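Biologist: Can you take me through this one? I'd like the overall build, then the core, then the side-chain pairs.

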Amino acid sequence: MSSTLSTPTSAQEPGGAPSGFEADRSADSFGATVRAYVDRVRGGDLGALPAILGIVVLGLLFFALRPETFLTPRNMANLADQAAPIIILAMGLVFILLLGEIDLSAGVVSGVCAAVMAKLLADAGAPWYVSVLAAIVTGVVIGLFTGSLVGMVGIPSFVVTLALFLGWQGFTLRLIGEGGTVPVRDPVISAISDKNVPVALGWVLALLTIAVYAALQLNRFRVQKARGLAHAPLAVVLVRIGVIAAVVVLVTAVLSVDRAPAVGVVLAGIPYAIPLVVLLLLLLTFVLGRTSFGRHVYAVGGNAEAARRAGINVTRIRVAVFVIGSTLAAISGIVAAARLGSVAPGSGGGNTLLYAVGAAVIGGTSLFGGRGRVRDAVLGGLVVAIIANGLGLLGTEAYLNFIITGGVLLLAASVDALARRRAAATGH
């Protein structure tokens, strides 16, 4: 029990799951760290490797099939807009999946919250900030209700959220009306999808992001070394900083190119959805990795009974993760409404939930609980969005999108199950 509930060190992801090169800080050289990482992969600890390989392979495949359109700045901006709602919804599901629970209602909850916002904007004439706040509060209340049924009453989350999946769709239908739509024309809300960060400001934010990340990584290395704690070699820290810097610079450079289809119109800069996703990623990563609440989430996901005996309020943790999940569902619904420009009775239904769960699992979050990170939602969300975007460019029929995405999700779940079996067999 002590190994399950001990405070995670920098050598491990909270909950005991190693995290890439970060997982072996006792190695005294770059080569030793690489060899240790390879050994862990062979032992079944794949982490985010499948998702990263998926992004690379899919990107190369669609580039080879549609070189004139896939990697263009315009399509990259469209890809970011497509991925943002899925990624944000998946971020909330990561917290729930870490406990080994599921929320089948998360997609339709995003639709309910978006409908509340849209009705306040269109019918009540409320300002955007009041409407957005109302949508988020709706998400919090729904999360409290769901979490209470699961954590306090003890109803299995599958049953509760399946019932709410049906019930909240009826609520949205009653709110909007059958066959109706509510337009979302507020310029601030629409700007999330339609507008871009000015190019100069985008570069400032990119360089600031790199500087802050580098400072945090180097400071962690300095503190760990000064205190005699296990730490990664400086070379590994510098490589990690270099990789992140290269990705940030590349994305910023591509999106800073004018992508307007017409002459005389300038369309350049990072879509506002990207800074929003990055901000949520940083905030939620801090919550999971640097707070006692995050450690308790991993502890409950690893062994709920051991966590209870150690004094952790398991019920409160269960309620809290559903509140976080529904709150992020509300934000996802707002972003989706901004992208579509309206809210309909079916908003958040259909395949929204399946794509979000798929994003979390494909990114590396375990369906069995206890292992996952917020970044998994980002990586998996990009995989799901690349599949949809690439197949759309190829002009394939819709059924192929469903089949291929379902196949990728099944493959990710199979890899998760096999990796856990392999890890248990090798003692990792």
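Modeller: What follows goes from the whole chain to single residues.

Modeller: This is a predicted model, in which local features need pLDDT of at least 70 and side-chain atom pairs count only at pLDDT 80 or more, while totals for chains, interfaces and linings use all residues. Residues are numbered from 1 along each chain as its sequence is written, and side-chain values use heavy atoms, with hydrogens and water left out.

Biologist: How many helices and strands in the protein chain?

Modeller: There are 17 helices and 2 strands. These are DSSP runs numbered from the N terminus, with helices being H or I of at least four residues and strands being E of at least two.

Biologist: And what share of the residues count as buried?

Modeller: 46% of the 428 residues. Buried means under 20% relative accessible area, exposed over 50%, and partly exposed in between, with a 1.4 Å probe and protein chains only.

Biologist: What about the contacts, how much comes from residues 24 or more positions apart?

Modeller: Among contacts with a separation of 6 or more, such residues account for 75%. Contact means heavy atoms within 4.5 Å.

Biologist: Which residues have the most contacts inside the largest nonpolar core?

Modeller: Met 91, Met 117, Val 184, Val 321, Leu 328 and Val 343, in a core of 90 residues. Helix α4 (residues 73-98) gives the largest share of this core, 17 residues. A nonpolar core here is a set of buried Ala, Val, Leu, Ile, Met, Phe, Trp, Tyr and Cys residues joined through side-chain atoms within 4.5 Å.

Biologist: Take Val 321. What does it touch?

Modeller: Not counting residues up to four places away in sequence, Val 321 touches Phe 95, Ile 96, Leu 99, Phe 293 and Val 297. Apart from that core lies another one of 6 residues, including Ala 214, Val 236, Val 237 and Ile 241.

Biologist: Now Thr 172. Buried or exposed?

Modeller: Thr 172 counts as buried because its relative accessibility is 3%. It lies in helix α7. Leaving aside neighbours within four places in sequence, Thr 172 is in contact with Gly 111, Val 112, Ala 115, Gly 177, Ala 344 and Pro 345.

Biologist: And Ser 193, where is that?

Modeller: In helix α8 (residues 187-194). Ser 193 is buried at 13% relative accessibility, and beyond its neighbours within four places in sequence it contacts Asp 81, Ala 338 and Arg 339.

Biologist: Switching to rings. How many aromatic pairs are there?

Modeller: The count is 3. One of them is Trp 128 with Tyr 129, which is edge-to-face because the planes are at 85 degrees, with centres 5.9 Å apart. The rule pairs rings of Phe, Tyr and Trp (its six-membered ring) if their centres lie within 6.5 Å; planes under 30 degrees apart count as stacked, over 60 as edge-to-face and the rest as tilted. Trp 128 is partly exposed at 36% relative accessible area, and Tyr 129 is exposed at 51%.

Modeller: Trp 168 and Phe 171 also form an edge-to-face pair, 5.9 Å centre to centre with 85 degrees between the planes. Both lie in helix α7 (residues 157-176), 3 residues apart, about one turn of the helix. Trp 168 counts as buried at 17% relative accessibility, whereas Phe 171 is partly exposed at 39%.

Biologist: Salt bridges next. Which residues are linked in a network?

Modeller: Glu 305, Arg 308 and Arg 309. A salt bridge is a side-chain nitrogen of Lys or Arg within 4 Å of a carboxyl oxygen of Asp or Glu, and the count comes to 4. In the bridge between Glu 305 and Arg 308 the closest N and O atoms are 2.4 Å apart, and from Glu 305 to Arg 309 the N to O distance is 3.0 Å.

Biologist: How are they placed along the helix?

Modeller: Glu 305 and Arg 308 are 3 residues apart in helix α13 (residues 304-309), so about one helical turn separates them. Glu 305 and Arg 309 are 4 residues apart in helix α13, also about one turn. Arg 309 is exposed, with a relative accessible area of 62%.
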